[in-house]
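I opened this entry to keep track of what I looked up in the structure. The notes follow the order in which I went through the sites.

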Amino acid sequence: MLRAWWKEAVVYQIYPQSFYDSNGDGIGDLQGIIDKLDYVESLGIDVIWLTPIYDSPMDDNGYDIRDYFRINPVYGTMDDWKTLLHEVHARGMKLIMDLVVNHTSDEHEWFVASRSSKENDKRTWYIWRDGVEGGPPNNWMSYFTGSAWTLDEATDQYYLHLFSRKQPDLNWKNEEVRHAVYSMMRHWLDLGIDGFRMDVINMLSKAEGLPDAEGGSGLQFGGEHFLNGPQVHDFIREMHQEVLSHYDVMTVGECPGTTVDDALLYTDPNRRELNMLFQFEHVEVDFEVGDRFKKAPWSLVEWKEIIEKWQVGLQGRGWNTTYLTNHDQPRALSRFGNDGPWRKASGKLLATLLLSLQGTPFIYQGEEIGMTNANFSSIDQFRDLDTLNVYREAVAAGLDLDEIMDQIRHRSRDNARTPMQWSAQRYGGFSEHEPWIGVNENHVEINAQADRSSEDGIFDYYRRLIRLRKSTPALVYGRFRLMLRDDPHLFVYERSLEEDAGGADNLIVVLNFSDGVRCMPPISISGGPEHEVLISNSQRSGIIDLAKAIDLAPYEAMILRVQNHRL
Ligand code: TEU
Ligand code: CA
C-alpha cells in the first residue's frame, strides 16, 4: 500500500471557544491554544485541526462565515493566528483549517449583494427560487429543523439553506463561485497551512431541478437530492486540479450519508479528489430512523459489522479516518463506554480502538483525559442552535418535555462543547471568567492535571498508544480481519502486514466492551498461539497463550503480537 505522511499522522481536533481562554473573557482563543501547544505536543500529536476561527456572527459557532480572510476578533488577530501557525510548526506539528464552502453566513458580503436585487451580479452565487403555491420551492428540510428555504422579502424569492437560515448555500454550478473559493483556499495554503477539513463537502451539488423529496424520513429530509449529488465529484476534482495538487497537504472531507462505494470515489488516489473522509455510519448506530434525537439501542455486533465494512471496503483502495467523537457528537466515553465506575478503563478501551484501526485517527479535545457528557439538566444551559431548535419545536408541538430533555441530554452537540477541563479550579482552569457555556461539574475529579498526575491516567495511555502506532506499521497499514464476529461483548480483530509490504507483522486487538468479566474462547491464528502483550489497560503483560480461553476484566483492552513471526 502507498505510504503517506497523512496516513501515519495522528490528528487532534481543537474547538477553539472551549479549549483555553487566555484573556479572561470566558471564550477560548488563539493565544490560549498557543499556551497549550506543549500539552498537545506531549501527547504525540502530528496534526491539529482547528474548527472555524474566521469572522462570523456565530449563529452556528463559526460555521457561518462572514469573511473568509479575517479572524473572529473574539479569538484574536491575524498576527495571533500567524504566531499560532509558527508555533505549531516549530514543534514539528502541522495545522489544518476548516473549509466551510457549502454555505456562507447571510452576513457575508456576497450574500448581502445577492439578496439586494434580482439583477445584482452576485444573485446567481446563491440558490434563489420563486415560491410554489404560497410556500417554499420544494419540501426539503434544513438539518436544524424547519424548511430548507427562507423567503426574502426584498425580492420576494426564497433562498436555499441546508443548515440554518443564516447559512445560505452557495451555488456551486456558478463558475465564479468556484473560482472565488479556490483563490481563498490558495490564500490560506500560501500562508503555510497543511491542509483542510472540508465541511459537508459532499453537499455541494444539488440535483437538477431541485425535486421534492419522497418518503419523509432520513436524517436530512431531501438528502437523496443533495448528498453526493450529480456534479460533486466534478467540483472536487476541479478543486484538486486547480488548488490542492499544487501543495503537499492533507484533505479530509466531512461526508454525512456516504456509503463505502461513495467513499471510494472520493478517496481513491487515482481519482485525485480527497485523501480521506469522515463517514457517519458508526456514530449513527444509536439513531432512531428518521429521528436523530431519539435514542435507539445499539449493539456491539452491529457496530462491529459497520466498522468491518468500512475497514475492509477501503483497504488498499481508498483511505479513511477513525473518530469516535467530535464537536457535533456526544462524548464517546458516555456513549460507547462507561462514564461511571469504569470511566478510566473504558476510556482506554476506546483509545485502543481509535488508535488500532486502519485510517487516520482523530482525537477530540478532552477525549485524552476521559471527559464525559455535559450532564446539563435545564434547557437554558444549552447553547447549540440545533438543540434549541429541537426544543422549541417540541414545545410548539406540545410534546412531553421530560422526554425531549432526556433525548437532548444524550444527543446534544453541547455535550462535546463544554470547556476543556484543565484542573480542579473554578471553571476547570479553562478561564478566570464565567465561560460562554457551563463547565462540567465533574471537572473537580476529571481534569488534565489530575489525570496526568495519577498512576493510571488516560492521557499517558494515549501517549503510549500513539507511540506504539508510530513504531508499528501494521497498526497503520495492516489488513483488518474481524474475529469472534457474533460475540456480543468482545471486539477482537487482527491487523496484519505481509512480508512484501516491508516486514511481516501480526497483531491482535482484544477489547471487552462490557462491564462484566468475559471469557474469550481459544482462537487459532496461523502464526501460532504465543502472543506478546504490547500494550494493555490492565496489569497484563508478558506472553499470552491464545490457544487457551482467557478471562477478560471489565473493559479490558490490549494489543498483542504473534511471537514466532520472523520480522
Ligand atoms: O456538520 C454537518 C452535519 O450535519 C453533521 O456533522 C451532523 O452533525 C451529523 O451528521 C450527525 O451525526 C458540519 C459541522 O461539523 C457542524 O458543526 C455544522 O453545524 C454544520 O456542518 C454546518 O456547517
Ligand atoms: Ca478569550
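**Ligand 1 and its shell**

I began with ligand 1: of the 19 residues around it, Asp 60, His 103, Asp 199, Glu 254 and Asp 328 come nearest. I note here that the model is predicted.

Next I sorted the shell by residue type. The residues around ligand 1 divide into eight charged, seven nonpolar and four polar.

I then looked up polar atom pairs between side chains and the ligand. For Glu 254, a polar side-chain atom is 2.7 Å from an oxygen atom of ligand 1. For Arg 413, an N or O atom of the side chain is 3.0 Å from an oxygen atom of ligand 1. For Gln 329, the distance from a polar side-chain atom to an oxygen atom of ligand 1 is 3.1 Å. I also took the cover: ligand 1 has 510 Å² of accessible area on its own, and the protein covers 98% of this area.

**His 103**

His 103 was listed among the residues that come nearest to ligand 1, and I followed it up. I found His 103 in the loop between β5 (94–99) and α5 (109–116). Is His 103 buried or exposed? His 103 counts as buried because its relative accessibility is 1%, under the 20% cut-off.

I noted two polar contacts of the His 103 side chain. One joins the side chains of His 103 and Asn 102 at 3.0 Å. In the other, a polar atom of the His 103 side chain lies 3.4 Å from the backbone oxygen of Tyr 63.

I also listed what His 103 touches, leaving out residues up to four places away in sequence. The list includes Tyr 63, Tyr 68, Phe 163, Gln 167 and Pro 168. Asp 169, Leu 170, Asp 199 and Val 200 are also among the residues touched by His 103.

**The calcium ion**

Which residues coordinate the calcium ion (ligand 2)? I read off Asp 21 (OD), Asn 23 (OD1), Asp 25 (OD), Ile 27 (O) and Asp 29 (OD), at 2.2 to 2.3 Å. The spacing of these donor residues in sequence is D-x1-N-x1-D-x1-I-x1-D.

**Positive phi**

I looked up two residues for their backbone angles. Most residues other than glycine have a negative phi.

Asn 61 is not a glycine, yet it has a positive phi of about 50°. I located Asn 61 in the loop between β3 (54–55) and β4 (67–71). With 15% relative accessibility, Asn 61 counts as buried.

Leu 210 is not a glycine either, and its phi is positive at about 45°. Leu 210 is in the loop between β9 (195–198) and α7 (232–242). Leu 210 counts as buried, with a relative accessibility of 9%.

**Ser 377**

Last, I looked up Ser 377, which lies in the loop between β15 (360–364) and α12 (385–396). Ser 377 counts as exposed because its relative accessibility is 58%, over the 50% cut-off. Not counting residues up to four places away in sequence, Ser 377 touches Met 405 and Arg 409. I also took one C-alpha distance: Ser 377 and Glu 302 are 75 residues apart along the chain, and their C-alpha atoms are separated by 31 Å.

Methods
Residues are numbered from 1 along each chain as its sequence is written. Chains are lettered from A and ligands numbered from 1 in the order in which they are written. This is a predicted model: local features need pLDDT of at least 70, side-chain atom pairs count only at pLDDT 80 or more; totals for chains, interfaces and linings use all residues. Side-chain values use heavy atoms; hydrogens and water are left out. Helices (H or I, at least four residues) and strands (E, at least two) are DSSP runs, numbered from the N terminus. Buried means under 20% relative accessible area, exposed over 50%, partly exposed in between (1.4 Å probe, protein chains only). Contact means heavy atoms within 4.5 Å. Donors are N, O and S atoms within 2.8 Å of the metal (3.2 Å for Na, K and Ca); water is not among the atoms, so sites may look incomplete. A residue is near a molecule or strand if one of its heavy atoms lies within 4 Å of it. A polar contact is a pair of N or O atoms within 3.5 Å; within protein, one must be able to donate a hydrogen and the other to accept it, and residues adjacent in sequence count only if both atoms are side-chain atoms. Accessible areas come from the Shrake-Rupley method with a 1.4 Å probe; for residues, only the protein chains shown count as cover. Ala, Val, Leu, Ile, Met, Phe, Trp, Tyr, Cys and Pro count as nonpolar, Asp, Glu, Lys and Arg as charged, and the others, Gly among them, as polar.
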